[in-house]
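Reader: I'm new to this one. Can you walk me through it?

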Amino acid sequence: PDLAINGGFNEGTQNWSPGDGANLTTYTAGQIAGTNPYEGTRYLATNAPNANGSVAQDISATIVTGDTYCASAEVVTDGNVTGGGGALALWLLGGGPNENSTYTFTNLPGGNAWTPISTCVTATASHSSIRVQFYPAQGGPTIAIDAVDVHPDLAINGGFNEGTQNWSP
């Protein structure tokens, strides 16, 4: 099940929050020359004039040690330009020490050349929430984001942190 709410941005920016001065808005097909939504009717466009600018969503969850969660999205440089970049971070928060995994992306194509990105994190302690967060490159071109998905990884020991336990030759 997808835990992200409004990950297709079809309800505008509802359930998404800007951080540290990031700009965010949503567009429909044809509003920005060259870029249409990856899926649905809208996509999110964001940029970061300030360091650490971001767009995030917090999701309540009961996370126990060993649980793995993954986030994925489609990204592109908004419009008929190229070179957008940034990072996708997935955080496990509340309870134990904060844990995260980050995927950095650079030199994104523009237009409708959407690029899939993803990252996963495995809990080493219990947590009460998940944050999916996008950090556009400071001062870089506006990036477009669509089809955000956050879900538990159902493969047991998929990170092989416990050796080959639960895996057979």
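Author: Here is a short tour, from the whole protein down to single residues. This is a predicted model: local features need pLDDT of at least 70, side-chain atom pairs count only at pLDDT 80 or more, and totals for chains, interfaces and linings use all residues. Residues are numbered from 1 along each chain as its sequence is written, and side-chain values use heavy atoms, with hydrogens and water left out.

Reader: How many helices and strands does the protein have?

Author: Zero helices and ten strands. Both are DSSP runs, numbered from the N terminus: helices are H or I with at least four residues, strands are E with at least two. The radius of gyration is 16 Å, close to the 15 Å that the globule rule gives for 169 residues, so the protein is as compact as a globular protein of that length. That radius is taken over C-alpha atoms, and the rule is 2.2 Å times the number of residues to the power 0.38.

Reader: What does the C-alpha trace span along its principal axes?

Author: About 50 × 35 × 25 Å.

Reader: And what share of the residues is buried?

Author: 43% of the 169 residues. Buried means under 20% relative accessible area, exposed over 50%, partly exposed in between (1.4 Å probe, protein chains only).

Reader: Now strand 9. Why is it largely enclosed?

Author: Strand 9 covers residues 127-136, and seven of its ten residues are buried, so the rest of the structure largely encloses it.

Reader: How many bridges join strand 6 to strand 9?

Author: Eight, and strand 6 (residues 84-93) also runs antiparallel to strand 9. There, Leu 92 faces Ile 130 of strand 9.

Reader: New topic. Where does Ala 51 lie?

Author: In the loop between strand 3 (42-47) and strand 4. Ala 51 is partly exposed, at 43% relative accessible area. Not counting residues up to four places away in sequence, Ala 51 touches Asp 20 and Gln 138. Contact means heavy atoms within 4.5 Å.

Reader: And Thr 13, where is that?

Author: In the segment before strand 1 (17-19). Thr 13 is partly exposed too, with a relative accessible area of 31%.

Reader: Which residues is Thr 13 in contact with?

Author: Leaving aside neighbours within four places in sequence, Asn 6, Leu 24, Thr 25, Thr 26 and Leu 44. Thr 26 is 13 residues along the chain from Thr 13, and their C-alpha atoms are separated by 6.7 Å.

Conventions: Pairing = 2+ DSSP bridges.
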